[in-house]
Amino acid sequence: MISLNRIKEFIKKWIMLFGLVSVSITVIPALISGNWEFASTFVQIMFALLVICLLQLFTDKISIRTPILKYLIDLGMTLSVVSFFGWIFKWFEPGYVWMMFVMVIPSYIVGAFLDLVKVKKDVDFINKQITIRRKKINADLGKNQNES
Amino acid sequence: LKVIKKQIESQSEIEVEVRYAKMDSTVHGLIKRIEHFGRSIYGTDNGRQYKIQVGDIYYIESVDKKTFIYTKEAVFRSELRLYQLFEILKETDFVQVSKFCIVNMDVMESIRTLPGSRMESTLINGEKINVSRTYLSEIKAAFIAKEDD
């Protein structure tokens, strides 16, 4: 039976490989030939993602008391970055700006869902560790009581 | 575990010697507990200063830039800021669970998610404290680090 962890690792590896190969087959030929026509979109997306990740690092550090608000801030921030880069690099045709929401919101929902799954997994792990720790403490206390 | 007690009147402080055949997690954990024993911080209550044993502290909370130390039955005020106390308690079994709170891992009973993606931890005295998702990975890392102790 393949564990969920192994499936997760496999998917992570697959997507990372896809990212690396995509960059290699677009950026490297562009660097060599000097023709950035095909690679420029990839570079633009990479740059936009870099900005989103950096901003998320910042929102992760600031303590927002209600996580729903954090999700909304993150989503708003992602939409702002995508619309800003879209405007600069002309990703959207005039009249098709709604496409940005169609692209960003489903991706964000999938990301948020994966995040929730991770939180649940972390909570389960911590609870398991707490139980082990409490058992140890109780055993030590029992031992000490017997000795005295 | 064999405990040998020896009274030496000229002895100025308690001295503990641990003899072992092989350093393992039990011996390591025991040494760490002895090292942390007697570590204390100061807190005030009604203008009087008290020495609080680190092991007696349940959690420390910062409210409106004031720091409060909670033990099983009492609450003390500390002049130190939360981050300063956390620095002092770094080598002990305390973990930061939110920007405003650090908790003794020994008194944590469980942790759970609440509707609206909030989280809380229940302590062994039934008290519930807020846990921030931002600190979840640090809590996990703290338990992993202490696993071998």
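I take helices (H or I, at least four residues) and strands (E, at least two) to be DSSP runs, numbered from the N terminus. With that settled, I read the elements of chain A from the N terminus on as α-α-α-α. My count for chain A is 4 helices and 0 strands.

**Basis of the entries.** I am working with a predicted model, in which local features need pLDDT of at least 70, side-chain atom pairs count only at pLDDT 80 or more, and totals for chains, interfaces and linings use all residues. Residues are numbered from 1 along each chain as its sequence is written, chains are lettered from A and ligands numbered from 1 in the order in which they are written, and side-chain values use heavy atoms, with hydrogens and water left out.

**Chain A, surface.** I looked up accessible areas, which come from the Shrake-Rupley method with a 1.4 Å probe; for residues, only the protein chains shown count as cover. The accessible surface of chain A comes to about 11,200 Å², and 74% of it belongs to carbon and sulfur atoms. I call a residue buried under 20% relative accessible area, exposed over 50%, and partly exposed in between (1.4 Å probe, protein chains only). Of the 148 residues of chain A, 25% count as buried.

**Cysteines.** I noted Cys53(A) as partly exposed, because its relative accessible area is 46%. Cys101(B) counts as buried because its relative accessibility is 3%.

**Largest nonpolar core.** I define a nonpolar core as a set of buried Ala, Val, Leu, Ile, Met, Phe, Trp, Tyr and Cys residues joined through side-chain atoms within 4.5 Å. The largest has 23 residues, and those touching the most other members are Tyr59(B), Val97(B), Val103(B), Ile111(B), Leu123(B) and Ile139(B). Helix H4 (98–147) of chain A gives two or more residues to this core, as do several elements of chain B, including strand S8 (108–114) and helix H3 (136–147). Apart from this core I found another, of 13 residues, among them Val81(A), Met100(A), Val104(A) and Ala112(A).

**Ile111(B).** I listed its contacts (heavy atoms within 4.5 Å). Leaving aside neighbours within four places in sequence, Ile111(B) is in contact with residues of chain A, including Val123(A), Ile126(A) and Ile130(A), and with residues of chain B, including Met119(B), Leu136(B) and Ile139(B).

**Contacts in chain A.** Among contacts between residues at least 6 apart in sequence, I find that 47% join residues at least 24 apart.
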